[in-house]
Amino acid sequence: MDKYCAPPYRIKMVEPIKRSTRQEREKYLSDAHNNLFLLPSDAVYIDLLTDSGTGAMSHFQWSAMMQGDEAYAGSRSFYRFEKSVRDICGYAYVIPVHQGRGAEQVLLPVLTKRKGMVFISNMHFDTTRAHVELAGAHAVDCVTGACFHIDEYHPFKGNMDVDRCREHIKKYGASNVAGIIMTVTNNSAGGQPVSMENLRAVRDLAKAHHIPLIIDGARYAENAAFIKQRESAFRHMSIREIAREMFGCADIFLMSAKKDGLVNIGGFIAIRDNEELFRSCQVRTVAYEGFPTYGGLAGRDLEAVAVGLQEGLEPDYLEHRLDQVRYLTEHLRDAGIPVQYPAGGHAVFVDCKRICPHIPYDRFPAQAVCNALYLEAGVRGVEVGSLLIGRDPESGENIESPFEWMRLSLPRRSYTYAHLELVADAVRAVYEKRETLRGLVFEYEPPVLRHFTARLKYE
Ligand code: F0G
């Protein structure tokens, strides 16, 4: 009977959220120029824009924050943070940063020794790609083809296509590959996990060519829980041991702690043993993030990460976490709505190309569905498709994204199954009127990262 795991926590403090009428939402959306990023969050009832920095902290985290040491240098809180990170990955060097992209801006230019080098990844997350390009390098994605068949079960749709990765190393020459980045879980492919077998194969390839292997591990704990569930050789290992094994494959661990670190802000770079690399990163950290024992964070933030990282690996928490995403995925799938299957770790990815075949990619079908869902029930998802991907810098044409996703991300420890049922009902209602949805065009198009601040109008 117990199909979905009940939460291993109870609610001690509540944050009221407001329902609104359709009429009010029509005005809010029109005032926001049909871009959900421009809505004030008070106009949103259930906010599934991102799982990043939006979760609830535990009473252990809140009490640890009271012990924050705000010393500029050598803060006690830094040493607790460092111990917690080392405990998880076993690496020697730890540098705090304000969030994931802080880690990217520090590390990626250090690895890019010359202009024109490449980074190869299962899939670069947007900010990672942006920092690769800002560093003067080129980003190549080699995700497994399995992730494009959304209806077909595959346990590890986040994997790297190792053969393609090998071909790219050959094509560019190993000395021109600045790093191989494994994004775990693979956010842009649908929060899909990477298997240990795949990670080990990539490690062997990287080692053979002396290329540093980086884990972009914002959701590494969710990935480790999937390995335990789906990779039989690891069924009897603890999630913590699996995580250690994952990090055993890599040289560098970049983390946006706003996800599996269960905090609202924070991140870090951890380096296995390369002291020279650590020193170079420290230098850049001072310039861009802050002194290397605080890296843009308050002492209290470091305390919250130290505790949150440990909680993020608890089996009961992870079982419930993955079950919430599975619950919403399965409810939508049962209603015939096309979603990436099986469920990923942090979000449900709805295929809007299939929902709205009458809306061309450059009229942003997923944005049309996201807006309709907001109008239906005050639920905010996010477009991950051709609006986000932008224009080809050379031709100036809109690039057609391989996916037109509406991503519904679940903040950690925040919403109940009843909220998710409401979301599923609202998506179903939008699906029923899919033929009436219309595409959008720009009223104002910003030159970079256009999706955040664009103004849109219906055709
Ligand atoms: N890497 C991955 C895989 C991410 O998903 C993110 C952020 C980052 C790096 C950058 O971290 O936001 O702390 O600077 N993902 C968020 C999302 C924004 O909504 O998926 P950040």
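Some ground rules before we start. Residues are numbered from 1 along each chain as its sequence is written, and side-chain values use heavy atoms, without hydrogens or water. Because the model is predicted, local features need pLDDT of at least 70 and side-chain atom pairs count only at pLDDT 80 or more, while totals for chains, interfaces and linings use all residues.

Let's go to the ligand. How many residues surround the ligand? There are 16, and the closest are Thr50, Arg101, Ser256, Lys259 and Arg407.

Arg101 puts a polar side-chain atom 2.6 Å from a ligand oxygen. For Thr50, an N or O atom of the side chain is 2.7 Å from an oxygen of the ligand. For Gln99, the corresponding distance is 2.8 Å. How much of the ligand is buried? Alone, the ligand exposes 470 Å², and the protein buries 94% of that. Those areas use the Shrake-Rupley method with a 1.4 Å probe.

What is the shell made of? One residue is nonpolar, eight are polar and seven are charged. In this scheme, Asp, Glu, Lys and Arg are charged; Ala, Val, Leu, Ile, Met, Phe, Trp, Tyr, Cys and Pro are nonpolar; the others, Gly among them, are polar. Helix H4, residues 100-111, gives the largest share of the shell, three residues. Helices here are DSSP runs (H or I, at least four residues), strands are E runs of at least two, and both are numbered from the N terminus.

Next, the second largest pocket. Its volume is about 1,600 Å³. Of its 43 lining residues, Met13, Gly55, Ala56, Arg413 and Ser414 are closest to the centre. A pocket is an open set of points on a 1 Å grid over the protein atoms alone, with protein on both sides within 12 Å along at least five of seven lines; lining residues have an atom within 4 Å of a point. Volume means the space filled by probe spheres set on those points, which are joined across faces, edges and corners.

Which helix gives the largest share of that lining? H12, with four residues. H2 (59-65), H12 (315-334) and H16 (417-432) each supply at least two. Domain 1 (22-51 + 314-458) and domain 2 (59-311) each give at least three residues. Those domain bounds come from an automatic or database assignment. By class, the lining has 19 nonpolar, 13 polar and eleven charged residues.

Arg413 sits in the loop between strand S12 (405-409) and H16.

Now the cavity. A cavity is a set of grid points where a 1.4 Å probe fits but cannot get out. The search finds one of 30 Å³ or more. The largest cavity has a volume of about 80 Å³. Its lining includes Asn35, Phe37, Cys370 and His451. By class, that lining has six nonpolar, four polar and one charged.

Last, two cis peptide bonds. One joins Val184 and Thr185, with omega about -15°. Thr185 is in the loop between strand S5 (177-183) and helix H7 (196-208). Another runs from Tyr341 to Pro342, with omega near 5°. Pro342 lies in the loop between H12 and strand S9 (347-351).

Note on methods
A residue is near a molecule or strand if one of its heavy atoms lies within 4 Å of it. A polar contact is a pair of N or O atoms within 3.5 Å; within protein, one must be able to donate a hydrogen and the other to accept it, and residues adjacent in sequence count only if both atoms are side-chain atoms.
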